[in-house]
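This report walks through one protein structure, part by part, for a reader who is new to the subject. Please keep the sequence and the 3D view at hand while reading.

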Amino acid sequence: MSYTLRQLGYAVAVTDSGSITGAAKRIGVSQPAISAALKHLESEFGISIFVRQPAHRIDLTPAGQRFISTARRLLEDAREFENEARGLGREIEGTIEVGCFLPTAPFIMPLILRPLRDKYPGITVNLHEAHLDELNEMLKGGTIEVALMYDQQPDRQVQFEPLIEAPPYVLLSAKDPLAKQAAISLATLAESDMVLLDLPVTQQYFQSLFYASGQRPALSFRPKSYEMVRSLVATGIGFSLLIMRPISNQAYDGTRLVCRPIADPIPYPHYGLAMAKQYLPSAVVTAFTDECRRILKHEKAAAKFFVQGPGSKG
């Protein structure tokens, strides 16, 4: 193009001032330079932008009114572009307090922290691992700014944004006869002993799946960690229900485990971002949550940790 944003700026300044003289004083440019710019624009676009009036006043022609209106939008877009482009060179820096549901932290946080560190080396993440009810209280109390968690413990003062559908699955020893089935019903599981992950809310959710179908699980052990659940199930003393699974199909002693979907139609929880309502996120928090959305929702980087059930969307 043979015109410049500066020339357009001169034309807008003349419009706002009502004269070349007024525009020259306003923007600190000589009158001949402005006159030359206006002449160039009218020649370039083949229109008369201004009508010269007595006493050095200048009015817009009908075509000039449309031209100046378009020029204003273009100049505004150019300013926004410049501001955003300059912002790209300013590194986002600061500390963010992040909560994560305790059993899921080893799965989820490395997926987020590695690319976050590469993209925003000036961001420091302080990680708080906790249970669902504790995370809600920490969000409301301001101890943490954002949490990655399940929606199994809704709180009216906490807003939740789902990122992943999270179907539960059946964990079995590879030697268990049920391991030969492609999917296992809750009624069938109720006939076996259950190793229950005994965490607040979590254990209630798993048991509620049985209760909703009129079943009652026979509880054998109630460990409080994924590692202990997997080790006990590997001995063949029973099954367990979990949501996320490690890539390895072995327990600590090398015994092989298998994962099977639940055959029954059951409600699936969701995993996602939680923040206190009315909380206004800082640039650091926004950068973190944007990365979570990109990695977990759009790139589906955590899909390998979930067993897709019959009714799941993933």
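Two strands are said to pair if DSSP finds at least two bridges between them. The structure described here is a predicted model, and the idea of bridges and pairing is the starting point for what follows.

## Strand β12 and its partners

Strand β12 pairs with β6 (residues 158-165) in the antiparallel sense, and seven bridges join the two strands. Within this pairing, E161 has L273 in β12 as its bridge partner. Another pairing links β12 with β5 (residues 146-150), again in the antiparallel sense, over four bridges, and here Y150 is the bridge partner of Y271 in β12. Strands of a sheet pair through backbone hydrogen bonds, and the pairing can be either parallel or antiparallel.

How much of β12 is covered? Six of its seven residues are buried, so that this strand is mostly covered, where buried means under 20% relative accessible area.

## An open sheet of three strands

A separate description can be given for the strands β10, β7 and β11, which form an open sheet in the order β10-β7-β11 with antiparallel pairing. The edge strands of this sheet are β10 (240-242) and β11, each of which pairs on one side only. On average, neighbouring strands of the sheet are turned by 35° against each other, if direction is ignored.

Looking at one pair in detail, β7 (residues 169-173) and β11 are joined in the antiparallel sense over five bridges, and V170 stands opposite R260 in β11. The helix α9 packs on the sheet, where it touches β7, β10 and β11, and the direction of α9 makes about 50° with that of β7.

## The largest pocket

The largest share, three residues, comes from α9. The space in this pocket is about 340 Å³.

The lining of the largest pocket consists of 18 residues, and those nearest the centre of the pocket are P106, F107, Y226, E227 and P246. When the lining residues are sorted by class, eleven are nonpolar, three are polar and four are charged.

## The largest cavity

Rolling a probe the size of a water molecule over the atoms shows where empty space is left. How many cavities of 30 Å³ or more are counted? The count comes to one, and the largest cavity has a volume of about 70 Å³.

Among the residues that line the largest cavity are F101, Y150, Y226 and L242. By class, this lining has eight nonpolar and three polar residues, and no charged residues.

Leaving aside residues up to four places away in sequence, H131 touches F101, L102, L199 and P200.

P267 lies in the loop between β11 (257-261) and β12 (270-276), and P267 counts as exposed because its relative accessibility is 59%. The C-alpha atom of P267 is separated by 8.6 Å from that of L209, although the two residues are 58 residues apart along the chain.

Definitions and conventions: Residues numbered from 1 in each chain as written. Predicted model: local features only at pLDDT ≥ 70, side-chain atom pairs only at ≥ 80, totals over all residues. Heavy atoms only, no water. Buried < 20%, exposed > 50% of the residue type's maximum accessible area, 1.4 Å probe, protein only. 1 Å grid on protein atoms, 1.4 Å probe; cavity = no way out; pocket = protein on both sides within 12 Å on 5 of 7 lines; lining within 4 Å. Points joined across faces, edges and corners; volume = space filled by probe spheres on them. Nonpolar A, V, L, I, M, F, W, Y, C, P; charged D, E, K, R; others polar. Axes fitted to C-alpha atoms, helices over the stretch in contact; angles between N-to-C directions. Contact = heavy atoms within 4.5 Å.
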